[in-house]
Number of protein chains: 2
Amino acid sequence: MDVAAYMAELGQQARAAAREVARSTTAVRNQALLATADALDKARQELVLANQKDLASGRASGLDDAMLDRLELTGARIDTMIEGLRQVAALPDPVGVITDMTYRPSGIQVGKMRVPLGVIGIIYESRPNVTVEAASLCLKSGNATILRGGSEAIHSNQAIAACLASGLASVGLPESAVQVVTTTDRAAVGELITMPQYVDVIVPRGGKGLIERISRDARVPVIKHLDGICHVYIDSHADPEKALRVAVNSKTHRYGTCNTMETLLVDQEIADDMLPLLAAEFTAKGVELRGCERTRTVLNDIVQATEDDWHAEYLAPVLAVRVVDGLDGAIDHINHYSSQHTDSIITENYTRARRFLTEVDSSSVMVNASTRFADGFEYGLGAEIGISTDKIHARGPVGLEGLTSQKYVVFGDGHVRA
Amino acid sequence: MDVAAYMAELGQQARAAAREVARSTTAVRNQALLATADALDKARQELVLANQKDLASGRASGLDDAMLDRLELTGARIDTMIEGLRQVAALPDPVGVITDMTYRPSGIQVGKMRVPLGVIGIIYESRPNVTVEAASLCLKSGNATILRGGSEAIHSNQAIAACLASGLASVGLPESAVQVVTTTDRAAVGELITMPQYVDVIVPRGGKGLIERISRDARVPVIKHLDGICHVYIDSHADPEKALRVAVNSKTHRYGTCNTMETLLVDQEIADDMLPLLAAEFTAKGVELRGCERTRTVLNDIVQATEDDWHAEYLAPVLAVRVVDGLDGAIDHINHYSSQHTDSIITENYTRARRFLTEVDSSSVMVNASTRFADGFEYGLGAEIGISTDKIHARGPVGLEGLTSQKYVVFGDGHVRA
């Protein structure tokens, strides 16, 4: 198979379909999403059969249990996909929204109209539900999509693709508005990320290694999320009860998520009082603490943290703890080690809260709130295609608006420049 | 000279300075701009002397007259630089603006805060006034800048850099907030565009060749403007007087600008009536017309347009003219040949105007207005660092807001996720 020619064909078809999708009305796109939900509901048996093929070859090729779990399409997971489609259909449509319309001294009227990006390439790993999730957000926001899932989920993804195709066809939208790559040849990824003539942006979803590789080789802009090294800083003016509650929630609500706290910073002024309280809570929850020198003068039975710990995204019940010299020490540590994902200060002090918000250069900065809130749903975006740790285009949780752009619209009445 | 080491040092200094600039108040940054204006005013003699060195070596190395003209710093051009600084100081500061602050069902309050991008790399050619213009916009928007001007303007740029340094120093901002590359080694550009650890975005200003090269090799996002192949479409429902006025202004107001019309599209229904009127006006202005077959059945003395003409950015008194089959023909032509810069429809028909606005995929779409309005000043941005023909991050004229990003701010009162 000529992978380059195949991908170029997908690209051409996507580019043509993108025009039709961009032109379609909100109602038509919503109907396509609802029809896809119905198609998934009717295809439960086919979905499970296709998924069983993937699971069987996954087992045969020695995938670990975590991988197999992510790969599995249970009835409950199909329910979630169906429910997700209906929720996306119910969201407000960002496309066509016109803002900032003003008259200029020349007499022209200028504003901005929100428009789809065009063609979005999604590269992801084992979980087949991403096929529906990503495709639905791209379609809702008026874009065409090319999806490249993991080869281990190829049959499941094709079965889901058939439901998407029938949903699109039912409202007269081109089936090529959502295309799932059918080859498992890895060269397909290389092609997808180097076709700027056909693809406007790439959204990779997966491990850091995958995303780093894609970012390095892409000739197309990438909305990327590398890692989440999130901090909670407990200031000397913190309310101790809020500090304990937020620190414990930020770490222990879920260990494997990118918005989980990985390093706790404690102001030296209150370290003697707070550290034993924190240690008691974390130890009770089974969290291993690794502390700096100063932390260990208070908590002398914990492991010494090394430089690597400040850089670590554990995604596990392990927490690095550092005593810092007040707000400046905390900001210095965060701006050096944070992955610019989410960082929170616990304080009752107005000026320190303001300085933290202004000076910490992360995509989400918080006061007296758990880092676990950094999430498209919690922020009210209605959906989330990912969390961007970049600064260009989209920063933080990316919802429908992040899959659009704005163009200028100008109304005149025969106006010319003098 | 070790160019890589030198550029890495500039990068490190810029990164450190960016933190200080981001932290500085609006008033301090404005004072630095005004102090730079005063410094330029006092340094007129040094500026002219430095510029004479550049002009002398330019002449010796055989630069053409147009290049030498762009290179020259006259008294009037120094006035313009000074006036520009004062205007930028007077603009509203985008940094720190908080919008969309809402309460969520969880009780947290979420909004977005506009923040600087960090370090901006500017790559440009002969005109030394770009040094002041670009640096002032980056500083105003809270960013640090590394500027790499043309080697032919090296002495002029260094003299301007000295004024910027004194302006920064006078308010206690680090001089490394604006750094002008002192080496003329071309390898410096290669380094600047491949240091994502130090540079957040590159803004190239210059010819298409330069920008294509930079976009191809950059490992840093590029806000790029490739070319301006702008269209005016005269619909059968156009007011003929408005059509003539806008078409003539779009082409002849200035020939060398990117928002100048390069191809005129005329609805076949009115071609017989409109083409002779248009031809008379354009011929009187000395504009050469190149027409499609159908155009030449009406205007039989004009040159036949070839495929190359539809792709041409003439930047000269030459205009391609094509007769199209109504609105669909116009949209098809534009979405195929346009550089997605600026396209305008002339019509009195409501539905066609709406369809043109929605279906033409360009950064500026206009109704009954000259393409020459596509400009940051005309749009009310107050300033313009360039015009983006990309879709990601910034589209169309890029002002201060395009040099910023938004982060999420979250206020809680000890809130945790349930």
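1. At what angle do the axes of helix 2 (residues 26-42) of chain B and helix 7 (residues 154-170) of chain B cross? The angle is roughly 135°, and the two axes come within 8 Å. Helix 2 of chain B and helix 7 of chain B are therefore oblique to each other. Their crossing is right-handed. This is a predicted model, and what follows should be read as a description of it.

2. The residues behind that contact can be listed. From helix 2 of chain B come A32(B), A35(B), T36(B), A39(B) and L40(B), while helix 7 of chain B supplies C163(B), L164(B), S166(B), G167(B), L168(B) and S170(B). Sorted by class, the contact of helix 2 of chain B with helix 7 of chain B holds seven nonpolar and four polar residues, with no charged ones.

3. Chain B has an open sheet of four strands in the order 5-4-3-6, with parallel pairing. Strand 5 (178-180) and strand 6 (201-205) of chain B are the edge strands; each has a single partner strand, so one side of each lacks a neighbour in the sheet. On average, neighbouring strands of this sheet are turned by 15° against each other, direction ignored.

4. Within the chain B sheet, strand 4 (residues 144-148) and strand 5 of chain B run parallel and are joined by three bridges. L147(B) has V180(B), in strand 5 of chain B, as its bridge partner.

5. Two helices of chain B deserve a remark here. Helix 1 (residues 3-23) of chain B packs on the sheet and touches strand 3 (119-124), strand 4 and strand 5 of chain B. The direction of helix 1 makes about 150° with that of strand 4 of chain B. Helix 7 of chain B also packs on the sheet, touching strand 3 and strand 5 of chain B, and its direction makes about 160° with that of strand 5 of chain B.

6. On charged pairs, the count over all chains comes to 52 salt bridges. One salt bridge joins the side chains of E241(B) and R245(B), at 3.4 Å from N to O. Both residues sit in helix 10 (residues 240-252) of chain B; because they are four residues apart there, about one helical turn separates E241(B) from R245(B).

7. In chain A, four strands make an open sheet with the order 5-4-3-6 and parallel pairing. The edges are strand 5 (178-180) and strand 6 (201-205) of chain A, each with a single partner strand, so one side of each is without a neighbour in the sheet.

8. Which strand of chain A is joined to strand 3 (residues 119-124) of chain A by five bridges? That strand is strand 6 of chain A, and the two run parallel. G121(A) stands opposite I202(A) of strand 6 of chain A.

9. Helix 7 (residues 154-170) of chain A lies across strand 3 and strand 5 of chain A, and runs at about 160° to strand 5 of chain A. The axes of helix 6 (residues 129-140) of chain A and helix 7 of chain A come within 10 Å and cross at roughly 30°. An angle under 35 degrees counts as roughly parallel, and helix 6 and helix 7 of chain A are therefore described that way. The crossing of helix 6 of chain A with helix 7 of chain A is right-handed.

10. In that contact, T131(A), V132(A), A135(A) and L139(A) of helix 6 of chain A meet N157(A), I160(A), L164(A) and L168(A) of helix 7 of chain A. Six residues of this contact between helix 6 and helix 7 of chain A are nonpolar, two are polar and none is charged.

11. Helix 2 (residues 26-42) and helix 3 (residues 44-60) of chain A pack at an angle of about 70°, their axes being 4 Å apart. That makes helix 2 of chain A roughly perpendicular to helix 3 of chain A. L40(A), D41(A) and K42(A) of helix 2 of chain A make the contact with R44(A), E46(A) and L47(A) of helix 3 of chain A. By class, the contact of helix 2 with helix 3 of chain A has four charged residues, two nonpolar and no polar.

Conventions. Residues are numbered from 1 along each chain as its sequence is written. Chains are lettered from A and ligands numbered from 1 in the order in which they are written. This is a predicted model: local features need pLDDT of at least 70, side-chain atom pairs count only at pLDDT 80 or more; totals for chains, interfaces and linings use all residues. Side-chain values use heavy atoms; hydrogens and water are left out. Axes are lines fitted to C-alpha atoms, for helices over the stretch in contact, and angles run from 0 to 180 degrees between N-to-C directions. Angles under 35 degrees count as roughly parallel, over 145 as roughly antiparallel, 65 to 115 as roughly perpendicular and the rest as oblique. A crossing is left-handed if the near helix is turned anticlockwise from the far one by less than a right angle, and right-handed if clockwise. Contact means heavy atoms within 4.5 Å. Ala, Val, Leu, Ile, Met, Phe, Trp, Tyr, Cys and Pro count as nonpolar, Asp, Glu, Lys and Arg as charged, and the others, Gly among them, as polar. Two strands pair if DSSP finds at least two bridges between them. A salt bridge is a side-chain nitrogen of Lys or Arg within 4 Å of a carboxyl oxygen of Asp or Glu.
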